[in-house]
Amino acid sequence: MRAGELFQVLRDGHARTRAELAEITGLARSTIATRIDALMACGLIGPAGEAVSSGGRPPSRFAFSASSRVVLAVDVGATHVLIALTDLGGRVLDESRAAIEVAVGPVAVLDLVVEQARRLLERAGRDVRELAGIGIGLPGPVEHSTGRPANPPIMPGWDGFDVPAYVQQSFGLGGELDVLVDNDVNIMALGERAGYWPIEENLLFVKVATGIGAGIVGRGLLQRGADGTAGDIGHVRLSRGDGVLCRCGNVGCLEALASGPAVASALDAGGVHAESGEDVLDLVRHGSVDAVQAVRQAGRDIGEVLATCVNLLNPSVIVIGGGLSAAGEYLLAGVREMVYQRSLPLATARLRIVQSMAGDRAGVLGASHMIIDHVLSPDRIGALVADA
Ligand SMILES: [Zn+2]
């Protein structure tokens, strides 16, 4: 076990003595001492008081110094950005929000992100050099290995744009600053799991907003698929959608029936004025029976697709997030109705279908988690301490 692996033991934040670490890892006390020194030298762990002595000098304890560096977590939505500054434990130190259309293009959006990020660092009294990395979520398909968006439908100008390189240059740093990019639904799945379902290995996060998509966690890891499009359930065809045109050019897509704008336009066509998902939520809050029924039907449509996902993936938790999930039980009831009716009994015996608890912070929590897991991985820590 190298220094990077020993460090993983301490990432839970508990303080331990050298003897306790020797017992957990099976390493010799002398080896532990060398690796502790190396990790202390780079500031990733620090002294954490003394343990109770059984006679003689009390043994020192060591713990992960989560505040030694910071990371930036960025959630770019269709019409806004949310940026959080967190410590290495994922704790949010500060955050800022700004309204901007993603459609104005990558340079304008990323310039705003960098400007806000610099302000957050300044406010926290942290130098750019203390930045361990940046995690970014974008509202479209992303090739995760390169951080470049891939044919994103609502993001003109972003296709193939080298997001990591642009952000690194803007900070005046080259490849030494880690920047990871993924699509927003994937990072929301990571954030929801890290914050609220850490022991669930198989989780499906479904975002229901302007679009509909899913983030898949399988055996504890995000499943991106061969090209990063895994979980793109918004364009599965439903029989109820015959004749309903989708923005992707096909007809009958789930997104064309059950997204926020789709529910609004169905209500509007039926004589109940609504233009957006937000209008639908307002109507629900004011007790509109038509809106409640429309939301429940959207839930059934989503549930019809999720029933297939449940049979295929056997998750133990399905989390429904995104703007329209604020309709709460009305949407969930429709989802549950179809999933329990259409999935195999064994697949639903322990299945929970719940509303997102992270809410609109799921994205930044996940972006922070994604970049922290990368910069604190055993390999990276090993390289940092020259593998003591
Ligand atoms: Zn479609």
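Predicted model: local features only at pLDDT ≥ 70, side-chain atom pairs only at ≥ 80, totals over all residues.
Residues are numbered from 1 along each chain as its sequence is written, and side-chain values use heavy atoms, with hydrogens and water left out.

Let's start with helix H2 (residues 18-25) and helix H3 (residues 29-41), whose axes come within 9 Å and cross at roughly 115°. Helices here are DSSP runs of H or I with at least four residues, strands are runs of E with at least two, and both are numbered from the N terminus. Axes are lines fitted to C-alpha atoms, for helices over the stretch in contact, with angles from 0 to 180 degrees between N-to-C directions. H2 and H3 are therefore roughly perpendicular to each other (65 to 115 degrees). On the H2 side, the contact (heavy atoms within 4.5 Å) uses Arg18, Ala19, Leu21, Ala22 and Thr25; H3 brings Arg29, Ile32, Ala33 and Ile36.

Now for the sheet. Three strands make an open, antiparallel sheet in the order S1-S3-S2, where pairing takes at least two DSSP bridges between two strands. Strand S1 (16-17) and strand S2 (45-50) are the edges, each pairing on one side only. S2 joins strand S3 (residues 60-64) through four bridges in the antiparallel sense, and Pro47 has Phe62 in S3 as its bridge partner.

H3 links the two parts of this tour: H3 packs on the sheet and touches S2 and S3. The direction of H3 makes about 115° with that of S2.

Note on methods:
Parallel < 35°, antiparallel > 145°, perpendicular 65-115°, else oblique.
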